[in-house]
Each structure stands twice: as structure tokens, then as C-alpha cells.
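The following note sets out several points on the model for the attention of a colleague. Each may be checked against the coordinates.

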Amino acid sequence: MRNFKNLSKKSRYRRGSVAVLFALLIIPLLGLIAFVVDYGYLIATRVDLQRTADHAVLAAVQDLAPDTYGVQDLALVRSTLRQYVQDNLGDNFVVRDEDIAIGRYNPNTIYSNLDLYRDGVLDTVGVTLRYDDSANHSIALFFARVLGINQKDMTATAYSVLQKARYLKEGSDILPIAIPTSVWNNNQSGTVWSIYGTGKIEDVNGHQIPGNWGTIDIGAESNGANELVDQIYNGLRQIDVDSLYSAGKSDWPDKIDSEQHMWLSGDTGISSGIKTSIINSHGQTKLVPLFDVHNDL
């Protein structure tokens with residue numbers, strides 16, 4: 001016959017052992033839950049904060065483009081940035097003035113803390129979005145409160161640079177009128193300059209070249225008035241890109257590298273056949289080729 005009295009006593013011992021073991025594991029288990037839940041929540045918040053910062057500066061930097069008088073509207077840049085942030089993080093999210101950086105890109109600090117130049121044409125927008133005591137409050141945690149951790153600070157920083165376009169494809173708004181590099185460089189930022197000037201240009205020896213600057217053949221060797229008008233209205237054409245590539249003047253069959261030097265032909269002066277199309281383009285943003293004069297020209 002079995003001894004049920006002893007069996008019942010052993011069962012109580014086992015239940016007591018499980019209770020003690022559970023009591024010993026409860027704190028590590030709560031810690032693990034706090035880590036999984038709160039850490040996952042922090043990661044999701046961090047990703048959302050960084051994504052908003054990245055997209056906000058991308059939206060705002062476009063407003064750094066100067067107007068026709070060379071003026072940059074920095075108030076508009078800040079307004080666009082704040083509006084984008086609030087559209088994504090809520091109307092009450094605060095972006096402090098000191099957390100918005102606007103300047104000119106300094107490539108010497110790209111691999112360290114970005115230090116912007118404060119002169120010239122500004123091309124960079126930066127922002128730091130934060131959850132801390134200085135703005136928007138720290139992030140409240142859930143299960144980590146059991147361990148005495150009630151909140152967590154978080155920041156996200158992003159910069160965007162408005163760089164010059166390099167590759168020009170079909171449809172790029174390029175004006176087939178050449179301007180001497182020296183003339184362009186001697187103009188101050190914001191200068192209103194007319195292509196109808198009668199200024200003469202000189203070669204490197206100081207000899208005056210007859211006529212003033214005029215049209216340039218971006219494409220075939222000899223573009224007529226109809227081709228030039230088409231370019232003025234519709235931009236770079238694929239047939240122009242094909243011509244440059246076939247002639248060995250461009251390294252690309254589908255685009256032009258704006259940093260690549262090319263030998264192109266042109267004509268001095270502006271013919272009456274294209275003046276109407278130029279006048280109709282007033283107020284529009286166009287790319288303008290620059291050229292240099294060499295001894296062998």
C-alpha cells in the first residue's frame with residue numbers, strides 16, 4: 001500500500017520549490033520584457049525621427065535656390081522645414097531655432113562634425129530633432145519603469161546640400177548662348193546681367209575679338225535658327241546628345257557631363273531669328289554655357 005501522506009508532503013515541497021524559483025526569475029523576466037518592449041519602441045521612434053529629419057532638410061534645401069535677383073529667402077527655408085516636421089510628427093512638435101543650421105557646405109568637415117561656411121551663396125540645410133528636456137520632452141517608457149528607468153532622451157540630425165547639376169539629359173533647360181567665363185566670374189552674386197550687351201571680348205594676348213558673344217552649337221556643327229529656337233523652348237534634344245557623342249565630344253550617349261570641356265562651334269551676336277524665342281523665355285531658369293578663348297582660336 002502506498003503512503004499517500006508522504007506523497008502529499010513531497011508535492012508541497014515541489015510547489016514550494018517552483019514558487020521560490022519563480023520569485024528569483026521574476027525580476028530578470030521583467031527586465032527582459034522591458035528590454036524587448038521598450039527597446040523596440042525606442043527603435044521605431046528613432047527610425048521615425050531620423051526619417052523625418054532626412055526628408056525635412058531635403059524639402060527645405062530646395063527653397064535655398066536664389067530668386068532672379070540672387071536673394072535667398074531663409075525665413076521660407078525654416079518655415080518649410082518646420083511645416084514638414086509638424087506634418088509628420090504632430091503640430092505640437094517644436095524645432096528650436098538653434099537646431100536649424102543654414103550655411104555653405106564645407107567639404108573639409110564631411111567626416112567629422114559638419115562646420116558650415118557662413119558666407120557666399122548658402123547651399124546647405126541641417127536640423128536636429130529632439131525629444132529631451134529642451135524640446136518635446138523625453139520619451140516615456142513602459143515596463144522599464146519597474147527597473148527605475150522612466151524616460152529616454154533621443155535626437156536625430158540630418159543635413160542636405162543643394163548641389164549643382166552635373167549631367168544634362170534630354171529636356172534639360174540649356175540656353176544655346178555662350179558667355180565668356182571671365183565675364184561671368186566678374187559679376188557679383190545677384191547681378192542682373194543682359195545677354196544683349198555689346199561688350200567685346202579679348203584673347204589671352206589682349207587682342208579684341210570681333211563681334212560679341214552669341215550662340216553656340218550644342219549638337220551638330222552648324223545649328224540653324226530653327227534648331228536654336230527649338231533648344232530655347234524645349235531644352236536639350238536627344239539628337240543633340242547623339243551628335244556630340246558621335247563626334248567624340250561627349251563620353252556619354254544619353255547625357256552631357258557639364259564638367260567636361262568640349263570644343264564647340266558658334267556664331268557671334270544674336271540673330272533676329274531667335275530674338276523672339278529669347279524674349280519669350282524671360283523670367284525662366286535656364287542653364288548657360290561658359291567658354292574660354294585660347295591662343296589657337
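Helices, of at least four residues, and strands, of at least two, are DSSP runs numbered from the N terminus. The model is a predicted one, and the points below should be read accordingly.

1. Loop between β2 and β3. Strand β2 covers residues 124–131 and β3 covers 139–140, with Asn-136 placed in the loop between them. His-137 belongs to that loop as well. Neither residue is glycine, yet phi is positive in both: near 70° for Asn-136 and near 65° for His-137. The relative accessible area of His-137 is 62%, so this residue counts as exposed, the cut-off being over 50%.

2. Length of helix α2. This helix comprises 16 residues, 74–89.

3. Faces of helix α2. Val-77, Leu-81, Val-85 and Leu-89 are the buried residues of α2. Viewed down the helix axis, they fall within an arc of 75° and therefore line one face. On the face turned away from this buried side, α2 carries the exposed residues Ala-75 and Asp-87.

4. Ends of helix α2. The N-terminal end is capped by Asp-73, which has a side-chain oxygen 3.3 Å from the backbone nitrogen of Ala-75. Just after the helix, Gly-90 adopts a positive phi of about 110°.

5. Thr-45. Where does Thr-45 lie? Its place is in helix α1, residues 4–61. With a relative accessible area of 14%, Thr-45 is buried, because the limit for that class is under 20%. The side chain of Thr-45 reaches the backbone oxygen of Tyr-41 at 2.9 Å. Apart from neighbours within four places in sequence, Thr-45 is in contact with Tyr-131, Ile-139 and Met-154. Of these, Tyr-131 falls within the range of β2, and Ile-139 within that of β3.

6. Ala-56. This residue is likewise placed in α1. Is Ala-56 buried or exposed? Ala-56 has a relative accessible area of 0% and is therefore buried. Once neighbours within four places in sequence are set aside, the contacts of Ala-56 are with Leu-81, Tyr-84 and Val-85. Leu-81 and Val-85 are among the buried residues of α2. The C-alpha atoms of Ala-56 and Val-127 are separated by 8.2 Å, although the two residues stand 71 residues apart along the chain.

Technical notes. Residues are numbered from 1 along each chain as its sequence is written. This is a predicted model: local features need pLDDT of at least 70, side-chain atom pairs count only at pLDDT 80 or more; totals for chains, interfaces and linings use all residues. Side-chain values use heavy atoms; hydrogens and water are left out. Buried means under 20% relative accessible area, exposed over 50%, partly exposed in between (1.4 Å probe, protein chains only). The expected span of a helix is 1.5 Å times one less than its number of residues. The arc is that of the directions from the helix axis to the C-beta atoms. A polar contact is a pair of N or O atoms within 3.5 Å; within protein, one must be able to donate a hydrogen and the other to accept it, and residues adjacent in sequence count only if both atoms are side-chain atoms. Contact means heavy atoms within 4.5 Å.
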